[in-house]
Amino acid sequence: MAESAQGECETAILDEGIPAGGEVIALRQYGTQAQARMSDDTAFLAEFDDGWRVVAAACVSQGQRPYQCKVKG
């Protein structure tokens, strides 16, 4: 994403139009991976040695295909 926005990740993400998320509707854990569905967004998380981190956000369901996410990594 930083490459496409031609800036540092910390500031480039502000230009991506990421929704605030909203109210948590469902949390599902699959081992060291998790999905957080909120009223205005879906995010994916992974467990690392120092805790859980968001690895994808601003995700939209594509039906039977994988989610399409604005932010990855």
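Analyst: The model is a predicted one. In it, 5 strands form an open sheet in the order β1-β2-β3-β4-β5, with antiparallel pairing.

User: What makes β1 and β5 the edge strands?

Analyst: Each of them, β1 at residues 24-30 and β5 at residues 65-72, pairs on one side only. Across the sheet, neighbouring strands are turned by 30 degrees against each other on average, with direction ignored.

User: How do you know that β1 and β2 pair, and in which sense?

Analyst: Pairing requires at least two bridges between the strands, and β1 and β2 have 6 bridges, in the antiparallel sense. Tyr30 stands opposite Gln33 in β2, and the two strands form a hairpin with 2 residues between them, where Gly31 in the turn has a positive phi of about 70 degrees.

User: Why is Gln35 called buried?

Analyst: The relative accessibility of Gln35 is 9%, and buried means under 20%, so Gln35 counts as buried. Gln35 is placed in strand β2, residues 33-38, and, leaving aside residues up to four places away in sequence, touches Ala26, Leu27, Arg28, Thr42, Ala43, Phe44 and Tyr67.

User: What makes the approach of Gln35 to Tyr67 a polar contact?

Analyst: The side chain of Gln35 makes this contact with the side chain of Tyr67 at 3.3 Å, and the limit for such a pair of N or O atoms is within 3.5 Å. One atom must also be able to donate a hydrogen and the other to accept it.

User: Why is the pair of Phe44 and Tyr67 called edge-to-face?

Analyst: The count of aromatic pairs comes to 1. The ring centres of Phe44 and Tyr67 are 5.2 Å apart, where within 6.5 Å is required, and their planes stand at 75 degrees, where over 60 counts as edge-to-face, so the pair is edge-to-face. The pair links distant parts of the chain, with Phe44 in strand β3 (residues 41-48) and Tyr67 in strand β5, 23 residues apart.

User: How are Phe44 and Tyr67 classed by accessibility, and why?

Analyst: Partly exposed lies between under 20% for buried and over 50% for exposed. Phe44 has a relative accessible area of 22% and is therefore partly exposed, while Tyr67, at 31%, counts as partly exposed.

User: How do you know that Arg53 lies over the face of Phe48?

Analyst: Arg53 is at 5.9 Å from the ring centre of Phe48, and the distance criterion is within 6 Å, alongside a limit of within 35 degrees of the ring normal.

User: What can be said about the phi of Ala58, and why is this residue called buried?

Analyst: Ala58 has a positive phi of about 55 degrees although it is not a glycine, and lies in strand β4. Its relative accessible area is 8%, against a cut-off of under 20%, so Ala58 is buried.

Notes. Residues numbered from 1 in each chain as written. Predicted model: local features only at pLDDT ≥ 70, side-chain atom pairs only at ≥ 80, totals over all residues. Heavy atoms only, no water. Helix = DSSP H or I, 4+ residues; strand = E, 2+ residues; numbered from the N terminus. Axes fitted to C-alpha atoms, helices over the stretch in contact; angles between N-to-C directions. Buried < 20%, exposed > 50% of the residue type's maximum accessible area, 1.4 Å probe, protein only. Contact = heavy atoms within 4.5 Å. Phe/Tyr/Trp six-rings, centres within 6.5 Å; stacked < 30°, edge-to-face > 60°.
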